[in-house]
Amino acid sequence: MQRRVMSHNPKRLPRRLREAHIDMQLKSGIPNIVKTPRRKYRRLPQNPLPGYNRRQRRFVWLETHIWHAKRFHMVEKWGYKLANFPNDKSFRACYRACKEHCLLQDISYFSCIEIFGELDNILKGLNQLTSTECGLTFGAKCSLQGTRECSTTVFRMREYPNGVIGSVKFMWKPPGNDSRRTLWVWCHAAYYSELFDELVKVFSLKNIGDCEEMDVDCDANEKSESENSLVSKIPKYSSTEFDVTVSQLKDTLNRFRLTGPLSQPILTDLLRVIDPDKLSASVTDSTLENARLSWAHSLLDQPETVEILKKKKDFWGKMKLFTEPSQLPPYSVIPLTVSDPRYHMPQIRTKQVTDTEGQSGIWPLKTIPADFVQDNAMWEPSIRDKSRAEKLSTAELNLIKSDQLVPGACDLENLAPASYLPVILIQNPGFRPQFTKKGGGSSWGGGWDVVAPAGWAMPLWLGMVWRGARVGGLRESASMAREAGALCLPPDSAAGQQCDAAERAAKTDVFFRKPPAKRPNYIKLGIPTPFHRPWKELIRDWNGSENTPSTFCVLRSIAALQNLNSLLQELRNLSSSALNERLLEIGLEVSSFLVAVNVRMCKRGNLCENSTLCLPLMEDVEKLKENGGFMGPVEPSHVDIYEDERRSARETHQKQMIRLRKKRKAAKDKNSAETLKVLKETTDLKVKEERALMQRLWLPTEIGNLRNGCSREVMGFLENGAFSYKEACSTGQGYIALTALLKFCSHWKTVAPSKYPLILVRSPFSYQYSFAELSIIL
């Protein structure tokens, strides 16, 4: 019976036997009956690309969007549709991948801006956006040769220390025969527009011409050369005053981040560097089926380029001897030209392992040679377009596989036409531990960034996933930053304030969706701002002024932060006179600065967002000395002065709704349309008024004395907090008013001069204070 069913329905046969069976049926005169598809599939469009382009008008998709949409929860953020978190439980799994295996993330929402011109003219304009007090600038000597990627903090033109835009990464094109240089600036999507507007102001840029609209790359259909070219679609701006050209490379480059020790073997197995000898042999040998001239063959015209390609081939072979990415020079830039990753895809999903027998310590590499980065094809837009145009579609590769005797078990490198792409590898050294009692070393979080041209995202992505990389989203990025003790968007930037405002609105909406009996009473808890952090009011109270300051900023001076950090660490050994001298040296008693801090719980307790950081009293420290298990003081319950008003307003509103409902029913019975319309409008108005009144009574907008609003003086707030797997306790990052931090140093010296300085932390939905250690983020 099974044989008879299979003879009638060829789809029950294995795929490799299906075509031969259909041919035998046609020769026997048996018609091939095609089943009508279900209505669901009949309604689907034959070409989904127009629908994809239409759905990207508001939020742009990354090239890996469809892969992520099937496996991740997607969110609309910063003008993109991004993967937030995977659908499985992955907190601990992603941490293990980051520490012991490999965590893969698509960070192509980081956009690139290209600046081309004379070196002095470029630095003359960009130096107005940076400050040497914050670290490296665009003119750092270690970055000018193009062997390293550096980072800096960018401000609005000549507004330092105010007017921060955000942190950016940059790399220079290696110097050549021409005196003009090229700079790539990588910027987060949250403040990309703000940074570009500032560049337009600094260089007095004007648009050269209109660019074409970028569409989703069609992998199945052939396109003409003009449609495949992205050079004509790149917006370009020029400046006659500075003789500088600025190009927006947004959405034309893909960037992936691999974190963990196994990122090294994954990349060494994925990327097959071209061999110039085999490349030249493929041109001269006319018997090869896949012989064709590609853009990579043009590299053989210059003998210097051929020597550099041979050096890269030898270097990549030695890369397998390294066991971790941190063994290479930090922030190294390694340009490579590799073959199509689809030509050597593993048959099944595997997991790459580190070669423990490799002699990694015998071959140390302290610096990247300057000539090693000279031949970097990624800097040329024409080569990026050619590599994209010469890439075979997935359908063409599948057709080549299906023509083989054993489908799938074929060598595509010898069968398919040669296809190559340029990539750039950027080494990430990892993070320094903020606390030394627990946690890993400085190599935690090390890995690689891979930069590839547009159109090559999915071949590289699938190659890394099939080699054992675990994929993460935005939630995993925030978790990694918290484990590393880093903060993402500062509160004094426009991007950070927009993000805080959006989170505040979302949390407020969730709060008022709950019934009154299920809402935490933040007035009784003594938390006037449970969903945002009022930095201006905090600085106003600590500076002793009556008016709220118009601006505030985060302290970013490396020298001042190092002085504060050394003062905090040496507080136990300093005398009172020496402490006063150190405080006078810092000289920032009254200021509008915030200091970024790391908080680590000493005992039980869990930190969360918007937790308050407070000064301990002498009696709190005395109880801790007497009893080592003392958890901390308890905040007394505050008086809710709006409780009776809320109850009476709620009862009055319910009576009004009952009265209006009866009037609407009477008007409906009388068929009075005009009266019914007026009553509905009145009801809607009453509901809106009651909602606004309840929001004001549950969460009052006026903020009184924030510093002394509780039994312990409030010093600052936490931006984020959760359990840390690295520290085996709850940790968080936040900001403290600089005036409060200086008072804390002198206050702790009088309270407990021989004990490590501790602060009090309280969650916004708890009365319990807890002791926590404090350190400054450098």
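How many bridges join strand S6 (residues 150-155) to S7? Six bridges join them, and the two strands run antiparallel. This is a predicted model, in which local features need pLDDT of at least 70, side-chain atom pairs count only at pLDDT 80 or more, and totals for chains, interfaces and linings use all residues. Residues are numbered from 1 along each chain as its sequence is written, and side-chain values use heavy atoms, with hydrogens and water left out. Helices (H or I, at least four residues) and strands (E, at least two) are DSSP runs, numbered from the N terminus.

- Two strands pair if DSSP finds at least two bridges between them.
- S7 spans residues 164-172 and is mostly covered, with seven of its nine residues buried.
- Buried means under 20% relative accessible area, exposed means over 50%, and partly exposed is in between (1.4 Å probe, protein chains only).

**Helices H25 and H26**

- The axes of H25 (residues 643-669) and H26 (residues 673-698) come within 10 Å and cross at roughly 170°.
- That crossing makes H25 roughly antiparallel to H26 (angles over 145 degrees count as such).
- Axes are lines fitted to C-alpha atoms, for helices over the stretch in contact, and angles run from 0 to 180 degrees between N-to-C directions.
- The contact residues divide into eleven nonpolar, five polar and nine charged.
- Asp, Glu, Lys and Arg count as charged; Ala, Val, Leu, Ile, Met, Phe, Trp, Tyr, Cys and Pro as nonpolar; the others, Gly among them, as polar.

**Salt bridges**

- The structure holds 35 salt bridges, each a side-chain nitrogen of Lys or Arg within 4 Å of a carboxyl oxygen of Asp or Glu.
- Glu 727 pairs with Arg 600, with the closest N and O atoms 3.3 Å apart.
- This pair links distant parts of the chain, 127 residues apart: Glu 727 is in the loop between strands S20 (714-724) and S21 (729-737), and Arg 600 is in strand S18 (residues 593-601).
- Both Glu 727 and Arg 600 are buried.
- Arg 647 and Asp 644 meet at 3.2 Å, N to O.
- Both lie in H25, three residues apart, about one turn of the helix.
- Arg 647 is partly exposed at 45% relative accessible area, whereas Asp 644 is exposed at 55%.
- Arg 707 and Glu 713 meet at 2.8 Å, N to O.
- Arg 707 is buried, at 15%.

Terms used
Angles under 35 degrees count as roughly parallel, over 145 as roughly antiparallel, 65 to 115 as roughly perpendicular and the rest as oblique.
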